[in-house]
Amino acid sequence: MTERILHRFPGGFHPEQHKSESNATPIRMAGMPAQLVIPLKQHIGATAEVMVKVGERVLRNQRLAKADGYVSAPLHTPTSGVVTAIEERAVPHPSGLYAPCIVLSPDGLDEAMQAFEPWADFGSVSPLLLRERVRDAGVVGLGGAVFPSAVKLAGTPGTPIHTVLLNGAECEPYITCDDRLMRERADEVLRGGQILLHVLGAQTCLVGVEDNKPEAIAALRAALMALGDARFEIVPIPTLYPSGAEKQLIYILTGEKISRERRVTERGFLGHNVATAAAIYRAVVLGEPVTRRVVTLTGSGVQAPGNWDVPLGMLASDLIAQAGGYQPDVARLVFGGPMGGFALATDEVPVTKAANCLLALAAKDAPVEPLPMPCIRCGKCAEGCPVELQPQQMLWDARAGDFERAEKQDSLFECIECGICSAVCPSHIPLVQYFRYAKTEIWQREREHEKSSLARERFEFRNTRIERDKQEREAMLAQKRAQLAAQKVSESPASGVSAGGVSVSGAAPDDKQRAIAEAMARAKARKEAAQAEKQAAPSQDEGTSA
Amino acid sequence: MLSALLVFTLLALVLGLLLGYAGQAFKVEGDPLADKIDALLPQTQCGQCSYPGCRPYAEAIARGEADINQCPPGGEATIKALADLLGVEAKPLSAEHGVEKPKSVAWIDEQVCIGCTLCIQACPVDAILGAPKLMHTVIVDECTGCELCVAPCPVDCIYMLPLVPALEQWRWPSPEERLEIAETGRVGETL
């Protein structure tokens, strides 16, 4: 086999690794806590729809909530227990807002049910059924993006996938959950890759792993030897942040530069995180839904850094307590890595499918951000940008509130929020914060614009409706007046038609007169009755309310 | 001398005819400026600007009869956008037309509602459902928060509730806002 030629993407940088704190010990199984809090939205797309009731007993692997729509994912129970509440709880989100969650009280019996039929011989199962299984098992991108995997597997019509990439780059500092997973469960990862190749009908599978993980590379190679699958290639890539970003990884491995505004699937590539591949393997071959994930608990703020196999819904506080607790000088708890993650307002948030890392930092590693100084136009951010954007220009536009320019001319939405620009800025300008702000602000404005367009439409419709009603009424009145006039002409002037009288043309005058008189009497009686009732009703109401 | 006069008169005549024809042939229906202004207004249709709806206000601005700072629901952002569009200086919101309030939606206390339909008639965007003597309710997604339904209610059962942002609608605060948050001691900042 010839040596693969690797390519270097523009920009990038080398943050301090901090991998050795947590990658030396094997993955430990976290004990079942007294309470599980399972957010209904742990994925990109629509919030899952609850399928259980409060007080219901559920078994391990039972479905708690079903996918609501195409881009959505179901949720399953990590253990047996009773649903104690379905309510809003704190969730891991930068806003610190609450979101609907299912709260579960485990009963310690851990009774399981077989969620799906195991398909050990997945090669004989049709790709369609396999994709359905991936969807039903709640598999989402476990690298942190949590996009429903089944949607990715459906691909784009007309563009077949030729290469599957298994992303084991794990380029963020501190995080080692994929590293340990590849070392300990390399076989699952590769078999998951085989399922992906089968589903997509792809020819090659490249496994990209940064060369700071030699043990993981060795483990994958050993597993591949045992598997004997020539379609796979384990490729060690140079350690350079952010090599784990999808387009950057594709460029490193193949030299294919996928232009802006294009999806990688349009060029025949499909990337999945190694942990996602392992989850797909478990869903298909063992028939297990996603109910646990490996989480790196690390940083100078915890007593014993390491990797844990955690039931989804376990509170971060419970996990940290099990791992020996915090260091006394802990200052900050971050969800995700130091580059792409966000600080949590509380540790009472559950581990979700997105939780690849919980990073607790001691005061010395979490200094107060220095006040930003003016931009000196040094260009360091542009040099470091892996997407070849002009961060200083984007900053300028975002600051000035010129979002249209930031979006159209600066390609703001190409920004992968890797955080290099902020990290290298000598003026300590939080550039990536501006970009995150600008992106969400643009979405917000789009939503508002949509809403105001709807309001305008409804307002205009209402006005035309009122106008139409008015015209119809006028037309009707005009018609009646015309009839009346015609009648007056035809009748003898002495008959004395009352002013309010309505005539029906063609009927005899005497009958009409009588009918009108009767109708008027009836209306009067009804009106009086209603009046009496109305007078009685308020006094009754007062009586009951007093 | 005479030929020069002749040439220029002829030229003026031809160009004048051309312009006159173009004016007729490429005539733009409606008022494009009013459309542009209308697109920037929040479409609450609340009438706080003293015009009966956003469109009439937009037309008044286009005619130069109304000022750009009369829209409280749009607030500073709308004034700024209008100033950019019209090439004039932005100014603070006119106090006589109201103050900028957080976004809210109407909510009907259904236990108290007597089903009088007055609020339905007041709603400019048909966002209230109900029938005579039957309970009424607000379609939250379509309510613009104009408050026009509050005053007509004979039993005062309509309340304006602030719109709580769901996670999907949350946006990152700008770093400048974040500095303020840091100074007031609230947590939730990122690394």
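Buried means under 20% relative accessible area, exposed means over 50%, and partly exposed is what falls in between. With that in hand, here are some close-ups of this predicted model.

**View 1. A tilted aromatic pair in chain B, B:Trp107 with B:Tyr159.** Over all chains, the structure holds seven aromatic pairs. In this one, the ring centres of B:Trp107 and B:Tyr159 are 6.0 Å apart and the planes meet at 35°, so the pair counts as tilted. B:Trp107 belongs to strand β1 (residues 104–108) of chain B and B:Tyr159 to strand β4 (residues 158–162) of chain B, so the pair ties together parts 52 residues apart in sequence. B:Trp107 has a relative accessible area of 41%, so it is partly exposed. B:Tyr159 is partly exposed too, at 40%.

**View 2. A nonpolar surface patch on chain B.** Here you can find B:Val7, B:Phe8, B:Leu11, B:Leu15 and B:Leu18, which make a patch of about 520 Å². Take B:Leu15 as a landmark: it sits in helix α1 (residues 2–25) of chain B and is partly exposed, with a relative accessible area of 47%.

**View 3. Strand β15 of chain A and its two antiparallel pairings.** Five bridges join β15(A) (residues 330–335) to β17(A) (residues 357–362), with A:Leu333 partnered by A:Ala360. Two bridges link β15(A) to β16(A) (residues 342–343), where A:Phe335 has A:Phe342 as its bridge partner. Six residues lie between the strands of this hairpin, in which A:Gly336 takes a positive phi near 95°.

**View 4. Charges over ring faces in chain A.** A:Lys257 lies over the face of A:Tyr251, 5.7 Å from the ring centre. A:Arg377 lies over the face of A:Trp396, at 5.4 Å from the ring centre.

How values were computed
Residues are numbered from 1 along each chain as its sequence is written. Chains are lettered from A and ligands numbered from 1 in the order in which they are written. This is a predicted model: local features need pLDDT of at least 70, side-chain atom pairs count only at pLDDT 80 or more; totals for chains, interfaces and linings use all residues. Side-chain values use heavy atoms; hydrogens and water are left out. Two strands pair if DSSP finds at least two bridges between them. Helices (H or I, at least four residues) and strands (E, at least two) are DSSP runs, numbered from the N terminus. Patches are made of residues with over 30% relative accessible area and no salt bridge: like charges are joined within 9 Å, nonpolar side chains (Val, Leu, Ile, Met, Phe, Trp, Tyr) within 5 Å. Accessible areas come from the Shrake-Rupley method with a 1.4 Å probe; for residues, only the protein chains shown count as cover. A salt bridge is a side-chain nitrogen of Lys or Arg within 4 Å of a carboxyl oxygen of Asp or Glu. Buried means under 20% relative accessible area, exposed over 50%, partly exposed in between (1.4 Å probe, protein chains only). Rings of Phe, Tyr and Trp (its six-membered ring) pair if their centres lie within 6.5 Å; planes under 30 degrees apart count as stacked, over 60 as edge-to-face and the rest as tilted. A charge sits over a ring if NZ of Lys or CZ of Arg is within 6 Å of the ring centre and within 35 degrees of the ring normal.
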